[in-house]
Amino acid sequence: MLAAWYEAHLGITRTPETYEEEPWMQEAGPTVFGVFSANTGYFGDPGQQWMLNLRVDDLDAMVAQLRAADIEVEIDPETYPNGRFARLSDPEGNPIQLWEPTVLGE
């Protein structure tokens with residue numbers, strides 16, 4: 001089950017089944033809605049039209065955790081003005097990008 005994979009490896013809890021259960025909560029922080037053209041190659045597969053980009057506090061620790069679970073993760077060697085990035089795919093091949101934002105003032 002794909003939802004179980006996201007919960008186990010990325011901490012994204014499944015949709016609540018009752019009104020008593022809490023939905024997935026995130027800390028406040030930047031959110032980016034990036035729209036790409038229909039013919040982009042950015043996602044690695046011409047049939048792919050979307051990608052999750054998840055903000056993380058410690059990219060190196062997250063990558064180590066995923067690799068310990070035998071999940072292939074590629075860290076972008078470049079540090080950008082807005083932070084560091086890594087990419088992986090879920091079991092169905094959907095791309096996921098992890099983003100460790102640059103702390104303002106650093």
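Guide: Let's start with the rings. The count comes to three aromatic pairs, where rings of Phe, Tyr and Trp (its six-membered ring) pair if their centres lie within 6.5 Å. Planes under 30 degrees apart count as stacked, over 60 as edge-to-face and the rest as tilted.

Visitor: What makes the pair of tyrosine 80 and phenylalanine 85 edge-to-face?

Guide: Their centres are 5.8 Å apart and their planes sit at 70°, so the pair gets the edge-to-face label.

Visitor: And why is phenylalanine 85 called buried?

Guide: Buried means under 20% relative accessible area, exposed over 50%, partly exposed in between (1.4 Å probe, protein chains only). Phenylalanine 85 has 10% relative accessibility, so it counts as buried. Tyrosine 80, at 26%, is therefore partly exposed.

Visitor: What makes the pair of phenylalanine 85 and tryptophan 99 stacked?

Guide: With 6.3 Å centre to centre and 5° between the planes, phenylalanine 85 and tryptophan 99 form a stacked pair. The two are 14 residues apart, phenylalanine 85 in strand 3 and tryptophan 99 in strand 4. Both are buried. Ring pairs link Tyr80, Phe85 and Trp99 into a cluster.

Visitor: How do you know that strand 3 and strand 4 pair?

Guide: Strands here are DSSP runs of E, at least two residues, and helices are runs of H or I, at least four, numbered from the N terminus. Two strands pair if DSSP finds at least two bridges between them. Strand 3 and strand 4 (residues 95–101) have seven, in the antiparallel sense.

Visitor: How many bridges join strand 2 to strand 3?

Guide: Two, and these strands run antiparallel. Glutamate 74 has arginine 87 in strand 3 as its bridge partner. Five of the seven residues of strand 3 (residues 83–89) are buried.

Visitor: Why is aspartate 70 called exposed?

Guide: Its relative accessible area is 72%, so aspartate 70 is exposed. Aspartate 70 lies in the loop between helix 2 (59–68) and strand 2 (74–75). Its phi is near 60°, a positive value. Most residues other than glycine have a negative phi.

Visitor: Where do these values come from?

Guide: This is a predicted model, in which local features need pLDDT of at least 70 and side-chain atom pairs count only at pLDDT 80 or more, while totals for chains, interfaces and linings use all residues. Residues are numbered from 1 along each chain as its sequence is written, and side-chain values use heavy atoms, leaving out hydrogens and water.
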